[in-house]
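This report looks at how parts of one protein chain meet. Please view the sequence and the structure first, then read on.

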Amino acid sequence: MKDEFVIIKDTLVKYKGSSRFVEIPEGVATIGDRAFQMKKIQSVSMPDTVKVIGNEAFSNCEKHMRSQDV
């Protein structure tokens, strides 16, 4: 699962996975600019170690609405 992430030092630079439910690994302190851009994710679980979320980190992520959300 960790191979779905490109992490340099303590910064998550890019998400390469395809899961709609993402769990960011423990120890990541920063989510880099556009790290999840254009991914089809529904939810993200972050550890307490995340302190910074970069610009457009989740830009253009597709939101999947359930019928009860409409």
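In this predicted model, Ile8 stands opposite Thr11, a residue of strand S2. Strand S1 covers residues 5–8 and strand S2 covers residues 11–15. The two strands run antiparallel, and four bridges join them. Together S1 and S2 make a hairpin with two residues between the strands. In this hairpin, Lys9 takes a positive phi near 55 degrees.

**Aromatic rings**

A pair of aromatic rings is described by the distance of the centres and the angle of the planes. How many aromatic pairs does a search of the whole structure find? The search finds three. Two of them are set out here.

| Pair | Centre to centre | Angle between planes | Type |
|---|---|---|---|
| Phe5 and Tyr15 | 5.3 Å | 45 degrees | tilted |
| Phe36 and Phe58 | 4.9 Å | 15 degrees | stacked |

Phe5 lies in strand S1 and Tyr15 in strand S2, ten residues apart, and their pair links distant parts of the chain. Both of these residues are buried.

The pair of Phe36 and Phe58 is called stacked because the planes of the two rings are at 15 degrees, and planes under 30 degrees apart count as stacked. This pair also links distant parts of the chain: Phe36 sits in the loop between S4 and S5, and Phe58 in the segment after S6, 22 residues apart.

Are Phe36 and Phe58 buried or partly exposed? Phe36 has a relative accessible area of 0%, so this residue is buried. Phe58 has 27% relative accessibility and therefore counts as partly exposed. The cut-off behind both calls is that buried means under 20% relative accessible area.

Ring pairs link Phe5, Tyr15, Phe36 and Phe58 into a cluster.

**A salt bridge**

Side chains of opposite charge can pair when their charged atoms come close. In this model the count comes to one salt bridge. Which residues form the salt bridge? The side chains of Arg34 and Glu56 do, with a distance of 3.8 Å from N to O.

Arg34 counts as partly exposed because its relative accessibility is 41%. Glu56 has a relative accessible area of 47%, so Glu56 is partly exposed.

Note on methods
Residues numbered from 1 in each chain as written. Predicted model: local features only at pLDDT ≥ 70, side-chain atom pairs only at ≥ 80, totals over all residues. Heavy atoms only, no water. Pairing = 2+ DSSP bridges. Salt bridge = Lys/Arg side-chain N within 4 Å of Asp/Glu carboxyl O. Buried < 20%, exposed > 50% of the residue type's maximum accessible area, 1.4 Å probe, protein only. Phe/Tyr/Trp six-rings, centres within 6.5 Å; stacked < 30°, edge-to-face > 60°.
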